[in-house]
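Here is a short report on one chain, for a reader who wants the layout before the details. The sequence and the coordinates come first.

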Amino acid sequence: MNISSRRTLLASLSLALAAGVGPALAQDAGYPAKTIRLVIPTAAGGGMDAMTRMIAEKLSDAWKQAVIVDNRAGGNGAIAYAAVANAAPDGYVVGLTLSSLVQTPLLYKAASAFSPKALTPFVVVAMLPNGFAVGKDVPVNSVAQFIEWARKQPNGVDYGSSGAGSSGNIMGGTLASAAGIQMLHVPFKGEAPATQALIGGQIKAVMAAPGSLVAQGKGGALKVLAVALPSRLKEYPDIPTFAEAGYPNVNLSGWSMGILPLGTPKPIADKLAAEITRIVRLPDVAARISALGFQSEGSTPEAARQFYDTELQRWDAAIKTSKVTIE
């Protein structure tokens, strides 16, 4: 299922289920009564961090309660997701994920540091496509030129992502498999340090949020070659998609979902989903999220669960194609 189809699915489910949200909201008059902690699986400074801080600010304004962002990078999201899974199911510890929510259990199998069964997806926040960039000194200006250059590198090409088993890692493996080149993955604790390593010349390429890459690219610090979406981002119309570059199977967009500990009362999940959906669809917030290279979504908890189940199958297939493994 492509991104457009998934967005249509989310929209239709949200509309169909919206009528059932109202009665539930009436049951949560006491929530929130204290500080809410938003746990995310990335380091400070990246696109995911920026988006979460926007949401936290708007939540705090709407509910007159402090909302803090808790950066728990590492373990391909497992550290952050375990923190949410082990929290009290009262709505005061909320996770905003990457697509590593499904990738990590698939890669680690029984050894994963968290169990998806201990978590409840409650809202689809945004689509988070990856951009592909190379260092300013890499002598290429397109994906085709990169492939030709990479084939001549006897030791392969090292590339960075936000972590082992991340969507960027899987995309790199998929590109390498499709193009017949050797790409060596270098994991970082977030896309911000990965991008800085690219700028500093420690690695040759990176998979990260298009917005942060474009900002650096405008200053000549790196070169953005492609984005993983079915169609070009309207904010960055000069950046081709991987499909346009001849690699449609690399159009693997990541995403962010809201998660809660299993057992969180449904009225609380409904209230959080409704408010986060309202926030990410505000024109000013949507515009700022778009500038990061992301796409605002929003959904009901029921739509989020169906989306999660679909993405679990999609990434399972992608991981097998990429041949990415975790030791």
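Helices and strands are named here from DSSP runs, numbered from the N terminus; a helix needs at least four residues and a strand at least two. By that naming, Lys323 falls in the segment after helix H12 (301-322). The model is predicted.

## Backbone exceptions

Most residues other than glycine have a negative phi, and most peptide bonds are trans.

Lys323 is one of them: its phi is positive, about 65°, although it is not a glycine. Exposed means over 50% relative accessible area. Lys323, at 66% relative accessibility, therefore counts as exposed.

Lys64 also has a positive phi, about 55°, and is not a glycine either. This residue sits in the loop between H3 and S2. Its relative accessible area is 69%, so Lys64 is exposed.

The remaining case is a peptide bond. Tyr31 and Pro32 are joined in cis, with omega about 0°. Pro32 belongs to the loop between helix H2 (21-25) and S1.

## The six-strand sheet

In what order do the 6 strands of this open sheet run? The order is S2-S1-S3-S10-S4-S11, and the pairing is mixed. Strand S2 (67-71) and strand S11 (295-296) are the edges, each pairing on one side only.

S1 is mostly covered, with 4 of its 5 residues buried. S1 and S2 run parallel and are joined by 5 bridges. Arg37 has Ile68 in S2 as its bridge partner. Strand S3 (residues 93-96) and strand S10 (residues 254-261) run antiparallel, joined by 2 bridges. There, Gly95 stands opposite Ile259 in S10.

Helix H4 (residues 78-85) packs on this sheet and touches strand S1 (36-40), S3, S4 and S10. The direction of H4 makes about 30° with that of S10. How many of the 8 residues of H4 are buried? The count is 7, so H4 is largely enclosed by the rest of the structure. The buried residues are Ala78, Ala80, Tyr81, Ala82, Ala83, Val84 and Ala85. They pack against S1, S3, helix H5 (100-108), S4 and S10.

## The five-strand sheet

A further open sheet has 5 strands in the order S7-S6-S8-S5-S9, again with mixed pairing. Strand S7 (183-187) and strand S9 (222-227) stand at its edges with a single partner strand each, so one side of each has no neighbour in the sheet. From one strand to the next, the twist averages 30°.

Strand S6 (residues 157-161) runs parallel to S7, and 5 bridges join the two. Gly160 is bridged to Val186 in S7. Helix H9 (residues 210-218) packs on this sheet, in touch with strand S5 (131-135), strand S8 (205-208) and S9. The directions of H9 and S9 make an angle of about 145°.

| Strand pair | Bridges | Direction | Example pair |
|---|---|---|---|
| S3 and S10 | 2 bridges | antiparallel | Gly95 and Ile259 |

## A helix pair

Helix H3 (residues 47-63) packs with helix H11 (residues 283-291) at about 165°, and the axes are 10 Å apart. Why does this make H3 roughly antiparallel to H11? Angles over 145 degrees count as roughly antiparallel. The H3 and H11 pair therefore qualifies. The crossing of H3 and H11 is right-handed. Met51, Met54 and Lys58 in H3 meet Asp284, Val285, Arg288 and Ile289 in H11.

## Nonpolar cores

In soluble globular proteins, nonpolar side chains tend to be buried together. Which members of the largest nonpolar core touch the most other members? They are Met51, Phe132, Phe146, Leu175 and Phe242, out of 89 residues. Strand S4 (residues 119-128) supplies the largest share of this core, 8 residues. Another core, of 10 residues, lies apart from it and includes Ile203, Ala208, Leu213 and Leu222.

Phe242 has contacts well beyond its own stretch of sequence. Leaving aside neighbours within four places, its partners include Phe132, Val143, Met171, Leu175, Met207, Tyr247 and Pro248. Ala226, Val227 and Ala228 are also among them.

Technical notes
Residues numbered from 1 in each chain as written. Predicted model: local features only at pLDDT ≥ 70, side-chain atom pairs only at ≥ 80, totals over all residues. Heavy atoms only, no water. Core = buried A, V, L, I, M, F, W, Y, C linked by side-chain atoms within 4.5 Å. Buried < 20%, exposed > 50% of the residue type's maximum accessible area, 1.4 Å probe, protein only. Contact = heavy atoms within 4.5 Å. Pairing = 2+ DSSP bridges. Axes fitted to C-alpha atoms, helices over the stretch in contact; angles between N-to-C directions. Parallel < 35°, antiparallel > 145°, perpendicular 65-115°, else oblique. Left-handed = near helix turned anticlockwise from the far one by under 90°.
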